[in-house]
Amino acid sequence: MVRLQGADARVLQLWDAAGSGKTTLLAGWARRLTAEGAEVRWLTGTDLVADPDPDSVWTLCAATRADQALNEAAHGTARPDTALRYVFIDDVDRPRGPAESGQALPDGWWPMISLAPPELRVIVAGRSRLGTGTAPLLAAGVLLDCPENMLAFTLEETIELAARRHLRVSTEDATVLWRNTGGWATALAFALAGQGQDRDDTGAIGGGPAGGGTAGDGPATDGDPGFILTDVDGATPAIADYVATEVLCGVDDDEREVLMRSALSAQVPLELAVLVTARSDAGDVLARVARNTGLVVRVPDVSHRSGAARSGARGSGAGSADSPVTGLGAGAGGAGWGGGAGEAYGFHPILLSYLRSAARGHDADAANARHIVACQWYSARSDGVGALDQALQARDATLVGETLDRFGLALVLAGDTELVGRALRRLDTPVPWTAALALRVLLDAPAFAARRRAHQLLAAAGDTSGWSGLSPPHRPELWPAVIEILQALLATEPAEVARRLHALQGHRVGEAARLDLAIDLLTGMAEGRCLDRLGLPGPAEDILRDVAEAARMAGYGWLFLVASDLAATAAAHAGRWLQVAMLESQMADAPALPGSVDQAGSRAVLYTMIRRYERCQSLDLDVLEKLSGHPQLAYDAGVSVPAQVLVLLNGFDSDPHSRRTMDALMLLMREIGGDHPRALSLCCVSLLEVSSALDGRAETHAVVRLAESVLGEDSLEALLLRFLVVPPSRSGHPAEERLREAAIDERTAWRGSTIVSAWIALAQVAEVSGRHVESDARVLKALRLASQFGTERAFLAMGGQGTALIRSRLGRLGDLDEFARHILRCAARTRPGGVGPASEVGRSGPHLTQREREVLRELPVHQSVADIARKRNVSPNTVKTHLRNIYQKLEAANRADAVAIAQERGLL
């Protein structure tokens with residue numbers, strides 16, 4: 001509307017489907033203009049049907065202007081002649097009533113716009129776009145054309161709409177609803193209105209907790225006990241009735257038949273539409289419907305794909321070395337354009353689900369047959385995504401198995417794991433099919449949350465010789481090689497790892513790798529993993545980085561991220577922490593679709609969140625909770641477990657001493673930390689800090705023992721935790737030299753932030769013992785490493801020791817001074833009030849527990865240990881233990897010294 005108020009634009013046109021909210025939008029504009037004092041005239045197509053000449057509109061406007069002039073004269077107000085006047089013409093394609101369609105404005109109407117009064121602005125809306133006469137106006141800038149999807153709700157607007165109706169919908173449910181409805185206003189209004197009575201007194205939809213779970217589990221509305229928010233689509237009875245009577249009101253039976261037969265997927269190539277409809281004029285019919293409904297659009301055909309989805313000359317369906325596609329996500333489900341891209345038609349989600357339901361209701365066998373034809377059509381073009389989707393729609397288990405055999409490996413490596421997961425669930429039968437069994441294990445790699453299950457599946461896959469009704473395997477040598485690779489990834493004992501590494505270099509895997517890029521890259525990933533486990537991290541990193549780059553070029557997004565993660569782990573074992581930072585930055589920058597739940601997209605999002613956490617940036621908790629609990633990611637523990645850790649760690653920012661959060665995090669790490677050492681390395685210092693504050697020094701040994709058992713007794717993390725358990729004194733620290741040597745070596749750290757934390761701890765010791773020059777050098781070392789690794793959060797740990805050290809040195813840090821100020825700003829933003837003056841004293845140690853603070857308050861009063869014990873109703877030995885902890889934490893030699901230090905720090 002702002003552009004329409006300029007000097008050039010005279011007309012604005014808005015075309016969209018029925019129920020998209022056109023009239024609501026125009027009415028809102030009209031009300032706003034009226035409130036601002038503008039002259040507004042509202043017409044419909046029915047008003048113009050008798051006399052469609054432009055002069056009739058201008059005459060009506062002139063009459064309105066005369067009426068307005070009389071009104072202004074009567075009230076003693078004047079209006080400048082140059083004021084803009086607006087005419088809204090709604091439903092120009094329904095001039096004869098709601099059940100009929102046509103055009104109230106003939107084609108010759110538009111060129112006459114140039115003769116309209118210069119102050120006149122016309123806003124035209126309807127369902128069917130006009131055929132001719134508008135191009136010159138568009139080119140001259142006189143006519144403004146609103147985008148066809150302008151009125152569709154975004155995901156954020158969908159959530160906001162629910163909130164305005166006092167409904168709390170989880171992000172996951174809102175995403176499903178938004179995708180099912182395409183943001184179509186009528187469907188969203190129906191779905192959310194139908195939930196009005198289905199919520200508890202918290203406003204949450206369904207019977208689960210507020211904001212979570214599956215919406216609509218509670219009592220349904222309108223007598224429909226099965227109404228679930230995420231099930232709303234074009235097949236929902238009320239929406240289907242609206243589509244039939246309103247959206248398709250101008251579509252005749254012949255056009256409906258073509259639509260119903262063509263509606264195979266969200267986007268259907270014209271060539272395929274002609275095939276399944278047996279109509280050479282299918283393109284003309286679809287083009288005509290596209291103009292008249294707004295829910296069918298003409299789009300480029302992306303079925304001519306290249307990359308990992310193409311089997312090429314090798315016929316594997318898993319990609320080839322000369323694949324021209326570059327960039328992530330192109331692979332099996334990529335968006336690479338081939339040279340023969342043609343015409344296709346996209347179906348709105350509401351219309352697609354309506355037509356699919358109608359087709360099955362009319363003739364289910366014929367509908368399945370069309371999906372089988374479509375599956376074969378996509379397979380012939382090596383489009384794995386299209387072929388597997390159509391096989392699932394055909395509801396033919398044998399066809400699903402055959403399609404997985406040909407395309408399943410490429411689809412997983414590309415990251416289309418949600419689609420493969422649906423196919424595997426369709427094949428969830430007692431019959432062992434080699435491709436399905438191997439793919440189930442591959443989906444769990446490389447974390448393997450259920451190792452026993454993985455071994456059982458691989459054993460079953462290795463024993464299977466038949467395909468139980470399936471046609472012979474597309475590539476007989478493919479799956480035995482995949483099974484050998486998975487066995488190598490599963491191996492953990494050194495002898496077994498060495499044996500599996502030797503097998504990878506044998507004839508079976510080597511021959512398959514020579515013929516197939518996917519097998520070659522998987523083999524390289526397994527070799528790198530084995531070398532790292534055998535204590536050769538340098539060669540392992542080189543192989544894994546090469547695999548990651550080749551996977552990126554081939555469009556294997558999932559394999560790129562997994563190989564990069566393993567390369568980062570190997571680089572850390574080799575002490576190449578700048579390489580680790582570079583690899584983690586690449587993974588965080590990998591493209592991911594919003595709301596994506598596939599492995600490739602989810603891993604990219606996870607790495608982004610880890611990087612944001614270590615840089616003290618805000619986290620998207622909705623996304624993390626989705627990653628940690630989404631059923632489609634349950635098999636990828638490498639994503640779900642770190643996501644759970646991040647959610648819990650984020651809780652410490654709002655409540656630094658939350659026992660509930662600490663207990664949940666400790667329990668998680670005790671149960672599965674052994675399988676996720678990098679996740680434990682991310683949280684071990686926080687666990688030690690909170691455990692010390694809540695339960696005292698004795699309980700922190702549990703955290704130390706856990707780190708030693710999982711990360712190794714000689715790991716930098718374990719050394720750092722043992723160092724932090726014993727507070728520094730004025731004479732130094734007994735383990736200072738050992739920690740310094742390990743921090744310099746860097747090869748025993750699991751995470752770059754641990755190295756930074758170690759130098760902060762060493763700087764703290766030097767500060768406490770009066771070696772200020774040495775402390776200055778160690779602070780500079782910590783700052784430089786933190787800047788290189790992107791780990792500002794390390795300075796916030798242990799009560800903000802790091803921030804205290806840099807705050808007292810501001811202005812003396814040279815080129816790192818601005819970075820130090822940035823860290824202090826991060827600390828103030830991340831933990832406001834959590835890093836205050838009391839915790840910034842140079843020699844501050846771990847926080848006192850509640851009982852230690854109670855005993856400390858007794859010290860200024862002259863009384864014996866027995867007196868304090870009787871007063872606190874504890875044993876004298878317990879009081880002595882608390883006193884020892886107090887003296888160590890305050891670095892006090894005796895009771896008087898403890899009282900003086902506590903008073904100095906504001907603890908008394």
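In this predicted model, helix 14 passes helix 15 in a left-handed crossing. Helix 14 spans residues 397–414 and helix 15 spans residues 417–426; the two pack with their axes 10 Å apart and at an angle of about 150 degrees. Angles over 145 degrees count as roughly antiparallel, and helix 14 and helix 15 are therefore roughly antiparallel to each other. On the side of helix 14, the contact is formed by Val400, Leu404, Gly408, Leu411 and Val412, which meet Thr417, Val420, Ala423, Leu424 and Arg426 of helix 15. By class, seven of the residues in the contact of helix 14 with helix 15 are nonpolar, two are polar and one is charged.

A left-handed crossing is also found where helix 21 passes helix 22. Here the packing angle is about 155 degrees, and the axes of helix 21 and helix 22 (residues 537–554) lie 8 Å apart. Helix 21 and helix 22 are therefore roughly antiparallel to each other. Helix 21 contributes Leu517, Leu521, Gly524, Met525, Gly528, Arg529, Leu531 and Asp532 to the contact, while helix 22 contributes Pro537, Pro539, Ala540, Ile543, Leu544, Val547, Ala550, Ala551 and Ala554. The residues of this contact between helix 21 and helix 22 comprise 13 nonpolar, two polar and two charged.

Two backbone features occur in loops between helices. Most residues other than glycine have a negative phi, and most peptide bonds are trans. Arg395, in the loop between helix 13 (384–394) and helix 14, has a positive phi near 60 degrees although the residue is not glycine. Ala445 and Pro446 are joined by a cis peptide bond, with omega at about -5 degrees. Pro446 belongs to the loop that lies between helix 16 (434–444) and helix 17 (451–463).

Empty space in the model was examined next. Rolling a probe the size of a water molecule over the atoms shows where such space is left. The second largest pocket holds about 870 Å³ of space. Its lining consists of 37 residues, and those closest to the centre of the pocket are Arg529, Thr569, Asp675, Pro677 and Arg678. Arg529 also takes part in the contact of helix 21 with helix 22. At least two residues of the pocket lining come from each of helix 21 (517–533), helix 23 (557–573), helix 24 (577–588), helix 25 (599–614), helix 27 (637–654), helix 29 (677–695) and helix 30 (697–711). Helix 25 supplies the largest share of the lining of the second largest pocket, with six residues. By class, this lining has 16 nonpolar, nine polar and twelve charged residues.

The structure also contains five cavities of 30 Å³ or more. The volume of the largest cavity is about 220 Å³. Of the 16 residues that line the largest cavity, Leu682, Val685, Ser686, Arg793 and Ala794 lie nearest its centre. Helix 25, helix 29 and helix 33 (752–768) are the elements that give two or more residues to this lining. The largest share, five residues, is that of helix 29. The lining of the largest cavity divides into six nonpolar, six polar and four charged residues. Helix 25 and helix 29 are also among the helices that each supply at least two residues to the lining of the second largest pocket.

Note on methods: Residues are numbered from 1 along each chain as its sequence is written. This is a predicted model: local features need pLDDT of at least 70, side-chain atom pairs count only at pLDDT 80 or more; totals for chains, interfaces and linings use all residues. Side-chain values use heavy atoms; hydrogens and water are left out. Axes are lines fitted to C-alpha atoms, for helices over the stretch in contact, and angles run from 0 to 180 degrees between N-to-C directions. Helices (H or I, at least four residues) and strands (E, at least two) are DSSP runs, numbered from the N terminus. Angles under 35 degrees count as roughly parallel, over 145 as roughly antiparallel, 65 to 115 as roughly perpendicular and the rest as oblique. A crossing is left-handed if the near helix is turned anticlockwise from the far one by less than a right angle, and right-handed if clockwise. Contact means heavy atoms within 4.5 Å. Ala, Val, Leu, Ile, Met, Phe, Trp, Tyr, Cys and Pro count as nonpolar, Asp, Glu, Lys and Arg as charged, and the others, Gly among them, as polar. On a 1 Å grid over the protein atoms alone, a cavity is a set of points where a 1.4 Å probe fits but cannot get out, and a pocket is an open set with protein on both sides within 12 Å along at least five of seven lines; lining residues have an atom within 4 Å of a point. Grid points are joined across faces, edges and corners, and a volume is the space filled by probe spheres set on the points.
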